[in-house]
Amino acid sequence: MPQNGIHAMVGIASRKWMPKREWLLLGVVLGNIFPDLDNLVVAYATLANLPNPEHFHRTFTHSIFTVLAVVVLFFLVSLLARNEKWKNFGVGFGAGILMHILVDLILWFNGVVLFWPIQYELNLWGWFTEPAWLEMILGTGEFLMFGFYFLLLGSLARRSNTDLDRQRSSRIWAYIQFGLFLLFTALFFTIGAQGLLYQVFGGLYLLSLIVATVMTVQMRRTVESL
Ligand SMILES: [Zn+2]
């Protein structure tokens, strides 16, 4: 589980070799973030007591067919809206999902149902058993990496003089994430990652994921100004 903040930063880092087209890079960064929103479905399935809720993760949002579908979808939107930007966005979004899948496969420990709905899981890490302490630190590391992503957005905004009204809030959100990282790391290693505590952690993770998505859209001028 590479942390979602890492995916977002990979999206930002790809700007060096992306062609400069309006909304393309916005699509790339959001496409890198998007696949882990399947955790919202996992959360719903957990709350609804469906069997094996974790089986929804790394499936339908992590599929080559989804990449094709979003590119076609946004191409149609661009035709209907007569706006080229949507096509750029769709191409970027598809490329972002592909990058996310690739990073997931390499870094680490779980497989990806690459051609969902075909039930075949590619797992380069099947031989590895993840120790509990590592699983905990990778979990709370989600907050740490969101924090770094928010700091990165803020510093890019300052450098390119964009989104002046968001620079402060992005830094505040970064500090909140660092605080959550420290808090939950301490709690997990003393109380254990289970029960109500783990549910609260999961809820805050989903909230952070939504904040990252919204902040990326809000700070699109910064993302695109690079
Ligand atoms: Zn993923």
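Trainee: Why are H7 and H8 called roughly antiparallel to each other?

Mentor: In this predicted model, the axes of helix H7 (residues 167–190) and helix H8 (residues 195–218) cross at roughly 160 degrees. Angles over 145 degrees count as roughly antiparallel, under 35 as roughly parallel, 65 to 115 as roughly perpendicular and the rest as oblique, and H7 and H8 are therefore roughly antiparallel. The angle runs from 0 to 180 degrees between N-to-C directions, with axes fitted to C-alpha atoms over the stretch in contact, and a helix is a DSSP run (H or I) of at least four residues.

Trainee: What makes the contact between H7 and H8, and which classes do its residues fall into?

Mentor: H7 gives Ser170, Trp173, Gln177, Leu180, Phe184 and Leu187, while H8 gives Leu197, Phe201, Leu204, Ser208, Val211 and Met215; contact requires C-beta atoms, placed from the backbone, within 7 Å. These residues divide into nine nonpolar, three polar and no charged, where Ala, Val, Leu, Ile, Met, Phe, Trp, Tyr, Cys and Pro count as nonpolar, Asp, Glu, Lys and Arg as charged, and the others, Gly among them, as polar.

Trainee: How many residues does each domain give to the contact between domain 1 and domain 2?

Mentor: The assignment, automatic or from a database, gives domain 1 (1–128) and domain 2 (131–226), and their contact takes 19 residues from domain 1 and 18 residues from domain 2. On the side of domain 1, H1 gives the most, with six residues.

Trainee: How are residues numbered, and which pLDDT limits apply?

Mentor: Numbering starts from 1 along each chain as its sequence is written. Local features need pLDDT of at least 70 and side-chain atom pairs 80 or more, whereas totals for chains, interfaces and linings use all residues.

Conventions. Helix = DSSP H or I, 4+ residues; strand = E, 2+ residues; numbered from the N terminus. Contact = placed C-beta atoms within 7 Å.
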